[in-house]
Amino acid sequence: MSDKTLTRMDLADAVHGQVGLSRNESADLVETVLTHISDALVRGEQVKISSFGTFATRDKAARVGRNPKTGEEVPISPRRVLTFRPSHLMKDRVAAGNKP
Amino acid sequence: MIRSELIQKIADENPHLTQREVERIVNTVFEEIVTALSAGNRVELRGFGAFSVKKRDGRTGRNPRTGETVEVEEKHVPFFKTGKLLRDRLNGDS
């Protein structure tokens, strides 16, 4: 198992190689994909990408938390969190690729 | 929003690209992420989030219906952590 970290640049390189657009435009398009997904989530929509997974937001109620170091109680305000549920296909491919 | 709607939006904004090209661009982005995770790599997209692989240890499970014990092998699962900027945006902080 290798331990590389890919970034936007690697995704842009892949788009550049697959579609033959300039590196610059490829990078812009990768950004556009991420922006559209983010904007939809901010609007409260679910984003469902077949054979990849589903991004969805959940509303969390306010609760009283505790600083684990000091034991002090701190209020935690209500918040919206993002969850990602990988598709079966993604889970299967990740499991198969990382088999010991 | 589903994959085809995402493709349509990007195609509408980029009239110089064909629908087929936009399809390949969008598919390549997702395919690269899955390929990276399958190879045990991470994908870090600052501001958006990071995809990584987590190891789940093997354990002795139980069939809830029959009560029979089964050995569940160690496995690796995909994981996504939301980036700070997106998390803040979801809460109306920017």
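Between chain A and chain B, 22 residue pairs are in polar contact, counting those in which both residues have a pLDDT of 80 or more. The model is a predicted one, and the predictor gives the complex an ipTM of 0.90 and a pTM of 0.91. On the side of chain A that touches chain B, the elements that give two or more residues are strand 1 (5-6), helix 1 (8-19), helix 2 (23-42), strand 2 (47-49), strand 3 (53-60), strand 6 (79-86) and helix 3 (88-97) of chain A. Helix 2 of chain A gives the most to this side, with 13 residues. By residue type, the side of chain A that touches chain B divides into 27 nonpolar, 13 polar and 12 charged residues.

The contact takes 52 residues from chain A and 46 residues from chain B. Together the two chains bury about 4700 Å² between them, with 65% of it on carbon and sulfur atoms. In chain A, the residues that lose the most area to chain B are Leu6(A), His36(A) and Arg93(A), which together account for 12% of what that side buries. The rule finds 2 salt bridges across the interface of chain A and chain B, and in a salt bridge the side chains of Arg89(B) and Asp39(A) meet at 2.9 Å, N to O.

In the order 1(A)-1(B)-2(B)-5(B), 4 strands form an open sheet whose pairing is mixed. Strand 1 of chain A and strand 5 (75-82) of chain B stand at the edges with a single partner strand each, so one side of each is left without a neighbour in the sheet. Where the chains join, strand 1 of chain A runs parallel to strand 1 (residues 42-45) of chain B, with 2 bridges between them, and Leu6(A) stands opposite Val43(B) there.

| Strands of chain A | Bridges | Residue pair |
|---|---|---|
| Strand 2 and strand 3 | 3 bridges | Lys48(A) and Thr54(A) |
| Strand 3 and strand 6 | 8 bridges | Phe55(A) and Phe84(A) |
| Strand 4 and strand 5 | 4 bridges | Val64(A) and Pro75(A) |

Two of these pairings are described as hairpins. Strand 2 and strand 3 of chain A form a hairpin with 3 residues between them, and in its turn Ser51(A) has a positive phi of about 60°. Strand 4 and strand 5 of chain A form a hairpin with 6 residues between them, where Gly71(A) in the turn has a positive phi of about 80°.

As for confidence, chain B averages a pLDDT of 95, and 99% of its residues score at least 70. Within chain B, strand 4 (residues 69-72) has the lowest confidence, at a mean of 91, whereas strand 1 of chain B has the highest, at 98; strand 1 of chain B is also the strand that runs parallel to strand 1 of chain A.

Key: Residues are numbered from 1 along each chain as its sequence is written. Chains are lettered from A and ligands numbered from 1 in the order in which they are written. Side-chain values use heavy atoms; hydrogens and water are left out. Contact means heavy atoms within 4.5 Å. Buried area is the accessible area (1.4 Å probe) that two parts lose on being put together, summed over both. A salt bridge is a side-chain nitrogen of Lys or Arg within 4 Å of a carboxyl oxygen of Asp or Glu. A polar contact is a pair of N or O atoms within 3.5 Å; within protein, one must be able to donate a hydrogen and the other to accept it, and residues adjacent in sequence count only if both atoms are side-chain atoms. Ala, Val, Leu, Ile, Met, Phe, Trp, Tyr, Cys and Pro count as nonpolar, Asp, Glu, Lys and Arg as charged, and the others, Gly among them, as polar. Two strands pair if DSSP finds at least two bridges between them. pLDDT is the predictor's confidence in each residue, from 0 to 100.
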